[in-house]
Each structure stands twice: as structure tokens, then as C-alpha cells.
Amino acid sequence: MAKTLHITFTITIILLFSSSSIPCTQSQTTRVYYYWNENNGVEDLIEQVCKRTPFYDLCISTLHNNPLLSPKSDIKQVALIMVNNILSNATDTLNYIEALLKHTKDPQLEQALALCAESYIPVVRFTLPQAAVAISQGHFAFASYCISDAVKEVNSCEGRLVKSPSDKSPLGDRNDVVQKLVDVANAIIKLLLKA
């Protein structure tokens, strides 16, 4: 296997140098890196992608040690993992909303939480799963539309809970994480759209 990797790397380098008049794209560089150093390839991909997102630390922490990433992973796989992470967070938040609804005695808060649940249910059941399918099928613009639509629902929920600047939302931190994950995912999808 070591000989195969060495031969592939050598052939790739020869092809790159023999066509030096052709600009090297990022995907070619990434492929060479994978062949050359299988152990660091995933970390390099994560680093390169996360540098291009608005929340570098959140991106790194979400992707680091993710079992779905392998030396053969690409930006499409990273985008899919990020959307699935948004779905996981949104599902968690929906479950939290349902738990809060069972214990609240404040009728106004109960109504706001019920409306939040109504916002989150289609996001969890339809919108984010559609985004994941769209990424898998290479429909990146539709995926971006889906996750942007999801964040509108999250913001709508937050708006119902916070009527004035002095209000403290019981979902503020959770909604904030979903918003930031959406911003990261959109940045990654923009990379795919440019490719």
C-alpha cells in the first residue's frame, strides 16, 4: 500500500509540474495532500474550510474528530456534516421547548413556547432533512435556501420570546448556536457553489 501511495503522489506531482501553465485549484492541492499524508489530510481539510467561515472555533469544534470524516472526505461531506449538526441542535431545542411547555405556569410564556414549537417542527422534520438531501445530490443553492429558511424560523421563535431588550429568552443560547451553525454551513455551501 505504501508503494501505491508513493506512486500516486509521484504521478500527481509530475502531472502538476508538467502542466504548470494550468493554475492549480484548491481541490487539486487537497487531493495531492491526501495522497501524500493520509493522517493529516482530514485536519488540513477542516482547517482550510473553517478558515473561510464566520465562526472558526465553532466550525473546528463541530468537525474535529467527527467519525464521518475520512481521508477521502471533501467539502461536500463537510457541508453535509454541518447541516446534520444543525438538525441535531434544532431537534435538541425542540425537545427542550416541549419540556419547558410541560412545566411552565406562565400563560404568555406557554403561548410563546407553543409558537416556537410550531416554528421548529417543520425545520426538524422537513427543511433541514431536505437541505441534507440537496447537498447529497449536488443541489447546493437549494440547500442554502433551506437552511436560510430554517434560521428565519429560529429568529421568529426568538422574536416571540423577547419582546423588549430587558427580556431574557429561555432559548437564547440554543437559538444563537443554531444561528451560528447556519452561518458556518452557508459559508461552506458558498465554497461548493464557487467550485
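Buried means under 20% relative accessible area and exposed over 50%, with partly exposed in between (1.4 Å probe, protein chains only). Helices (H or I, at least four residues) are DSSP runs, numbered from the N terminus. This is a predicted model, in which local features need pLDDT of at least 70, side-chain atom pairs count only at pLDDT 80 or more, and totals for chains, interfaces and linings use all residues. Residues are numbered from 1 along each chain as its sequence is written, and side-chain values use heavy atoms, leaving out hydrogens and water.

View A. After helix 4 comes asparagine 65, with a positive phi near 60 degrees.

**View B. Threonine 93 in helix 5 (residues 75-103).** Threonine 93 counts as buried because its relative accessibility is 1%. Beyond its neighbours within four places in sequence, threonine 93 is in contact (heavy atoms within 4.5 Å) with Tyr120, Leu171, Arg174 and Asn175. Cysteine 116 lies 23 residues from threonine 93 in sequence, and the two are 9.8 Å apart in space, C-alpha to C-alpha.

Conventions:
Helices (H or I, at least four residues) and strands (E, at least two) are DSSP runs, numbered from the N terminus.
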